[in-house]
Amino acid sequence: MSESEKPSQIGKKRSDENQPLTLPGIHRYQFFTNLKDRGWTLNLDRVALFGIVSALLATTLKPILRGNPATIYCYECRACYATQDKCPVGISLQAELVVAGRALDYDRFIRNGGLKCVRCGNCQSFCVQYLPLPKMFEIMQLETRQAILAGIVPQESLIHGLRQGLIGKEFIDDVVKAIS
Ligand code: SF4
Ligand code: SF4
């Protein structure tokens with residue numbers, strides 16, 4: 001192709017500014033280029049970036065808004081499982097409680113014994129981050145209690161928790177009331 005036949009696009013300002021905005025001050029063609037100009041696969045980097053940012057926001061916003069931001073810092077390394085028989089109520093998967101607190105997953109919290117934690121703090125020294133585990137579990141316990149009273153927690157979780165002895169005495173009355 002000779003020089004004269006090449007499209008002279010470089011340096012040319014695009015004129016389709018009437019395209020919708022995707023973000024304040026950013027038109028769609030600046031974010032997702034027009035398919036007629038570029039193959040759709042060349043937009044995958046933007047799609048991936050958008051997905052990563054959305055996932056990060058979804059993971060971090062909930063615990064921040066619910067007052068349990070420390071859960072974000074858990075590596076899920078499971079070093080806290082070394083607590084073992086030092087937990088007075090026999091909870092063995094502390095990281096599960098942390099992740100349940102981060103995701104506001106009541107069922108996961110109850111099934112792993114979150115409602116029988118007495119917040120003694122014995123597991124904290126096993127955390128590689130020295131996260132305030134008793135405080136984090138307490139916040140999730142209060143959230144779970146509110147959810148139980150609001151009827152949000154599935155009945156099967158509560159029944160399973162009662163049968164397996166996973167409900168601490170502080171929460172028994174609320175759980176029994178919720179399933180009766
Ligand atoms: S704070 Fe809760 S999970 Fe940790 S050792 Fe004490 S009772 Fe067990
Ligand atoms: S040791 Fe700490 S950082 Fe690691 S999984 Fe347990 S709570 Fe999370």
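1. How is the shell around ligand 1 made up by class? In this predicted model, that shell holds 11 nonpolar residues, four polar residues and one charged residue. Nearest to ligand 1, out of the 16 residues around it, are C87, C117, C120, N122 and C123. Helix α5, residues 133–149, contributes three residues, the most of any contributor to the shell around ligand 1.

2. Ligand 2 has 14 residues around it, and C74, C77, C80, A95 and C127 come nearest. The class division of the shell around ligand 2 is 10 nonpolar, two polar and two charged residues.

3. Helix α5 also packs against other helices. For two packed helices, the description rests on the angle between their axes and the distance between the axes. The axes of α5 and helix α7, residues 169–179, come within 9 Å and cross at roughly 25°. Because angles under 35 degrees count as roughly parallel, α5 is roughly parallel to α7. The crossing of these two helices, α5 and α7, is left-handed.

4. Which residues of α5 and α7 make the contact? On the α5 side they are R145, I148 and L149, and on the α7 side F171, D174, V175 and A178. By class, the residues of the contact of α5 with α7 comprise five nonpolar, no polar and two charged.

5. Helix α3, residues 94–103, packs with α5 at an angle of about 50°, and their axes are 10 Å apart. The two helices, α3 and α5, are therefore oblique to each other. The crossing in which α3 passes α5 is left-handed.

6. In the contact of α3 with α5, Q94, L97, V98, A100 and G101 belong to α3, while L133, M136, F137, I139 and M140 belong to α5. This contact of α3 with α5 has eight nonpolar residues, two polar residues and no charged ones.

7. A remark on confidence is in order. The chain has a mean pLDDT of 85, with 79% of its residues at 70 or more. Where pLDDT is low, the predicted coordinates should not be read in detail.

Conventions
Residues are numbered from 1 along each chain as its sequence is written. Chains are lettered from A and ligands numbered from 1 in the order in which they are written. This is a predicted model: local features need pLDDT of at least 70, side-chain atom pairs count only at pLDDT 80 or more; totals for chains, interfaces and linings use all residues. pLDDT is the predictor's confidence in each residue, from 0 to 100. A residue is near a molecule or strand if its C-beta atom, placed from the backbone, lies within 6 Å of it. Helices (H or I, at least four residues) and strands (E, at least two) are DSSP runs, numbered from the N terminus. Ala, Val, Leu, Ile, Met, Phe, Trp, Tyr, Cys and Pro count as nonpolar, Asp, Glu, Lys and Arg as charged, and the others, Gly among them, as polar. Axes are lines fitted to C-alpha atoms, for helices over the stretch in contact, and angles run from 0 to 180 degrees between N-to-C directions. Angles under 35 degrees count as roughly parallel, over 145 as roughly antiparallel, 65 to 115 as roughly perpendicular and the rest as oblique. A crossing is left-handed if the near helix is turned anticlockwise from the far one by less than a right angle, and right-handed if clockwise. Two residues are in contact if their C-beta atoms, placed from the backbone, lie within 7 Å.
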